[in-house]
Amino acid sequence: MSRIGVFVCHCGENISRTVDVEKVAAEAGRLFGVAYTCDYKYMCSDPGQNLLKKAVAEHKLEGIVVAACSPRMHEKTFRNAAKAAGVNPFLCEMANIREHCSWVHEDRDEATAKAIDIVTMMVERVKRNKKLQPITVPVTKKALIIGGGIAGIQSALDIADSGHQVVLVEREPSIGGHMAQLSETFPTLDCSQCIMTPKMVDVVNHPNITLHTYAEIEAVEGYIGNFQVKVRKKARSVDMAKCTGCGVCMAKCPQKKIPNSFDKNLGFRPAIYVPFPQAVPNTPVIDRENCTWFKTGKCGVCQKVCGPGAVDYTQEDEIVVEQVGAVVVATGFQLYDIGPKPAGSAIEGYGEFGYGTIPDVIDGLTFERLASASGPTGGKIVRPSDGAEPKSVVFVQCVGSRAREKGISYCSKICCMYTAKHTMLYKHKVHDGQAYVFFMDARTPGKGYDEFWRRSIEEEEAVYIRGMVSRLYQKGDKVVVMGSDVHIGVQVEIEADLVVLATAVQPREGADTLAQKLGISYDKYHFYSEAHAKLRPVECATAGIYLAGACQGPKDIPDTVSQASAAAAKVMTLFARNELEREPIVAKVNERFCVGCLACRKVCPYGAVEEKEIRDRSGNLIKVVAYVNPGVCGGCGTCQATCPSKSVELDGYTDEQIMAMIEAL
Amino acid sequence: MNKTARKYESAALADEGYWTSVSQAIRQEAVRLLEQGAVAGVVGYIAGRRTGTAMPVVAATPDQAKELIFSPACVNNLALYLTKAKKEVRAKGKLAIVAKGCDLRALAGLLGESQLKREDVYIIGIACAGVYGAHADRSQPLCDATIARKCRECTVREPTDTDLVAGTLPALPALEPLEAQELARLEAMTPQERWAFWKEHFSRCIRCLACRQICPFCFCEQCLCDRNRPQSVETTPRPAGNTAWHIVRAMHLAGRCGGCAECERVCPMDIPLNLLNRKMAKELKELYDYEAGLTPQEKGPLTEYKEDDDESFIK
């Protein structure tokens with residue numbers, strides 16, 4: 001190939017500020033094989049792209065180098081432009097002189113010299129590029145949703161309503177997530193259960209939704225449109241097909257004193273249980289750790305009393321394999337625990353708050369269970385220590401959140417609003433009680449949110465004290481709260497009956513492990529990373545995997561539901577097509593030289609390498625070689641780096657091209 | 001290397017009876033296998049024309065099998081004859097192979113790298129007392145003065161996972177670990193001294209590639225170093241190409257080489273190649289607690305990703 005066009009972009013001032021773009025274009029014009037060069041302020045704009053198309057026609061260009069930003073930004077844009085101009089899109093390459101050059105250098109002369117080098121290398125590469133044709137792969141029109149909280153439920157319902165199959169996997173015995181635990185929701189104070197449980201029922205009744213509760217993701221393989229997911233369905237010990245949900249087993253179970261984690265351990269449950277009465281599915285599970293039968297081999301009461309004979313102690317974990325085309329991750333959050341943290345953890349606990357040992361210091365979710373009509377106290381707000389009605393309650397915001405010294409610098413976003421809600425719920429139930437709130441800032445950006453917060457102060461008489469709490473300690477039956485009021489500059493001490501901490505929102509335990517199974521990225525707190533903070537907020541960088549809800553960052557219910565529907569829309573967009581075009585940047589084996597040591601198969605992260613037998617015409621085996629399945633290959637090039645005889649190469653990144661690029665320097 | 005300071009013992013390490021009993025056990029089994037038609041050939045050693053020598057052979061008839069021997073001169077790593085590089089041997093059908101500890105480690109590697117199937121090979125393992133070094137005086141018996149350096153610190157004298165073990169190991173005295181000492185000396189050098197050491201050795205390389213031809217792991221049909229589009233390694237014996245070749249060789253053997261030291265034995269320029277192999281093996285042992293060739297491995301440490309892999313090197 002000898003007629004290459006080099007198009008140098010100013011990127012406004014992003015590149016031209018530190019790189020002499022005109023000189024880059026001029027120098028590129030001197031390179032052997034370059035037939036045309038130019039520079040332009042915004043190559044990606046409509047006039048810029050037209051410039052490219054016109055130059056291809058006028059100068060009969062056979063290869064294109066666009067010296068501009070990262071290929072991750074605009075490679076697709078320019079390849080489409082090349083295609084429109086009649087050039088195979090894979091003969092168009094980006095020379096990244098922005099992220100790799102102008103943005104990271106200050107000296108203009110040196111940056112310009114480097115930009116020229118980058119362009120020179122790319123010209124050498126394009127000379128050796130081959131015309132490639134896109135690979136098409138079929139799309140399995142079935143979605144996997146991981147997590148059955150409000151995010152997962154919303155996504156599942158939206159996708160299922162559009163007519164596609166959905167598999168919903170939930171770790172707990174029931175779907176519902178945190179929203180099922182809440183009493184009322186801000187800013188309208190409507191009952192959480194009343195708006196949540198109908199959706200849960202919709203899920204279980206939906207003909208397009210397959211529900212796996214008490215199940216976890218074991219392994220994920222494949223790629224967009226063609227994922228293979230192994231789901232481990234934990235042994236429930238109850239046959240879901242036979243159980244009628246009558247509840248006799250739960251009533252008769254002699255083990256009744258197991259702390260109920262759904263009620264934040266305020267109440268008790270039996271060893272065979274549903275987490276809460278409105279659970280979906282309404283089929284109990286046996287908690288094998290606490291069940292007398294599993295501990296001692298004696299008891300068996302539940303099996304005896306079960307009319308349909310659904311209790312099955314011999315049940316084992318079951319692995320279900322699901323073929324899906326898209327994955328929505330909606331694993332939600334957990335609340336920060338103020339207890340001591342393991343050595344080496346980047347996040348610290350709160351020794352000054354007693355590390356969670358003071359019984360009347362609780363977190364927001366525990367308060368929700370106290371205030372909930374379906375909670376352990378039937379909605380009566382009492383202190384965990386002695387069951388007395390608290391007459392003064394101190395709410396502390398930003399516990400863990402926005403506390404850089406404790407290891408978390410982000411804002412948990414929902415605490416300001418739910419604390420305002422808590423003060424109201426409290427006032428509605430304990431009319432003579434007084435709520436105090438220690439806060440840094442009140443962050444109420446949302447429709448009706450600020451009005452809601454004002455109402456808690458102006459109508460419900462909550463006392464807001466701007467300042468931090470330095471210490472909590474037990475004094476008699478009171479909890480002393482030592483803090484400061486920075487508005488009037490004094491130290492404050494309140495003897496409270498109950499203290500509620502608005503603890504930070506954190507990703508679920510094990511979020512990192514799941515991310516590694518899915519091959520998606522996450523930040524230092526283990527929140528999952530979206531592909532672009534502004535323009536692709538619900539997609540992962542890994543194609544075919546989408547995010548919904550608090551697993552991506554702290555979110556309230558309205559935001560979670562919006563994101564869940566957005567993720568569902570992305571899945572539907574994907575499912576609107578029967579086939580997907582994939583980039584043909586895949587590895588190919590040189591069967592002449594491959595000796596079949598299959599080192600490539602060992603290192604391939606996509607499982608794309610298979611054994612292939614080469615036989616002569618009479619069927620005698622000549623040799624066994626490696627074969628790369630182009631539909632599965634992710635184009636990472638690990639096989640190429642590993643192959644001892646260099647018998648496998650990635651199109652567009654062959655050794656010949658890389659060597660030519662190095663030699664051009 | 002100080003060759004003059006040390007005095008070597010010339011007392012035989014194993015008596016004649018040991019060598020005879022091993023040879024007899026090999027012959028007996030080889031004859032049985034060939035007579036029964038269980039294998040198409042037995043890869044082993046026969047005596048060379050000159051005394052104190054031996055050479056590899058593929059015995060295809062019981063009569064040929066009666067000639068098989070085992071002696072200190074049986075230095076070759078026979079695993080080489082089962083790699084794809086020697087297609088005419090493999091084409092004969094199922095083979096039996098006489099294997100010392102070194103050969104076994106290579107066989108385990110070949111099994112792990114899909115070059116061989118265990119059911120396609122019958123292994124006659126040898127309880128091995130050791131073999132002659134490259135420049136040994138072969139008029140002497142196997143002794144402190146004549147034994148190969150690799151054998152001085154051998155850890156695989158007793159074969160495992162074989163179909164038969166020929167002979168019983170005589171009691172052997174502990175010998176001074178010369179390779180380990182040399183390695184320690186190398187490691188004590190500054191990087192500059194070490195670089196100068198290898199540079200000197202590599203500069204003498206004549207690129208005969210005997211090290212490649214003898215290595216059971218160099219089974220590629222076309223070596224990377226013979227390719228010219230693109231040419232990764234300069235082919236003429238000049239310093240840059242020589243260094244590149246030896247680095248490629250060392251890297252490709254890391255985590256695979258079982259330490260048979262055949263490369264070093266055949267090197268006409270006496271480049272201490274096994275020292276480089278040993279250094280790579282030591283690194284793998286220290287970093288990943290991995291030793292190549294002990295059992296056939298589906299994945300070695302350099303081709304496997306584990307979630308708890310050490311990532312401290314990522315800054």
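**Exercise 1. Find the residue just after helix H14 of chain A and describe its phi.**

Step 1: A helix here is a DSSP run of H or I with at least four residues, a strand is a run of E with at least two, and both are numbered from the N terminus.

A word on the model: it is predicted, so local features need pLDDT of at least 70 and side-chain atom pairs count only at pLDDT 80 or more, while totals for chains, interfaces and linings use all residues. Residues are numbered from 1 along each chain as its sequence is written, and chains are lettered from A and ligands numbered from 1 in the order in which they are written.

**Exercise 2. Work out which residues of H14(A) are buried, and how they are arranged.**

Step 1: Recall the cut-offs: buried means 20 or more other C-beta atoms within 10 Å of the residue's own, exposed means 12 or fewer, and partly exposed lies in between, with C-beta atoms placed from the backbone.
Step 2: In H14 (residues 511-518), the buried residues are A:Ala511, A:Leu514, A:Ala515 and A:Leu518.
Step 3: Seen down the helix axis, these buried residues fall within an arc of 105 degrees, so they line one face of H14(A). The arc is taken from the directions from the axis to the C-beta atoms.
Step 4: Here is the general idea: an α-helix has 3.6 residues a turn, so residues three or four places apart point the same way.
Step 5: Now see what the buried residues pack against: strands S11 (215-223), S18 (326-329), S28 (505-507) and S29 (545-547) of chain A.

**Exercise 3. Compare A:Cys11 with B:Asp270: what is phi in each, and is each buried or exposed?**

Step 1: A:Cys11 has a positive phi near 50 degrees, although it is not a glycine. For B:Asp270, also not a glycine, phi is positive and near 55 degrees.
Step 2: A:Cys11 is in the loop between strand S1 (4-9) and helix H1 (21-29) of chain A. B:Asp270 is in the loop between helix H10 (262-266) and helix H11 (273-288) of chain B.
Step 3: A:Cys11 counts as buried because it has 23 C-beta neighbours inside 10 Å. B:Asp270 has 11 such neighbours, so it counts as exposed.

**Exercise 4. Locate the cis peptide bond that ends at A:Pro281.**

Step 1: This bond runs from A:Val280 to A:Pro281, with omega near 0 degrees. Step 2: A:Pro281 is in the loop between strand S15 (272-273) and strand S16 (285-286) of chain A.

Key:
Two residues are in contact if their C-beta atoms, placed from the backbone, lie within 7 Å.
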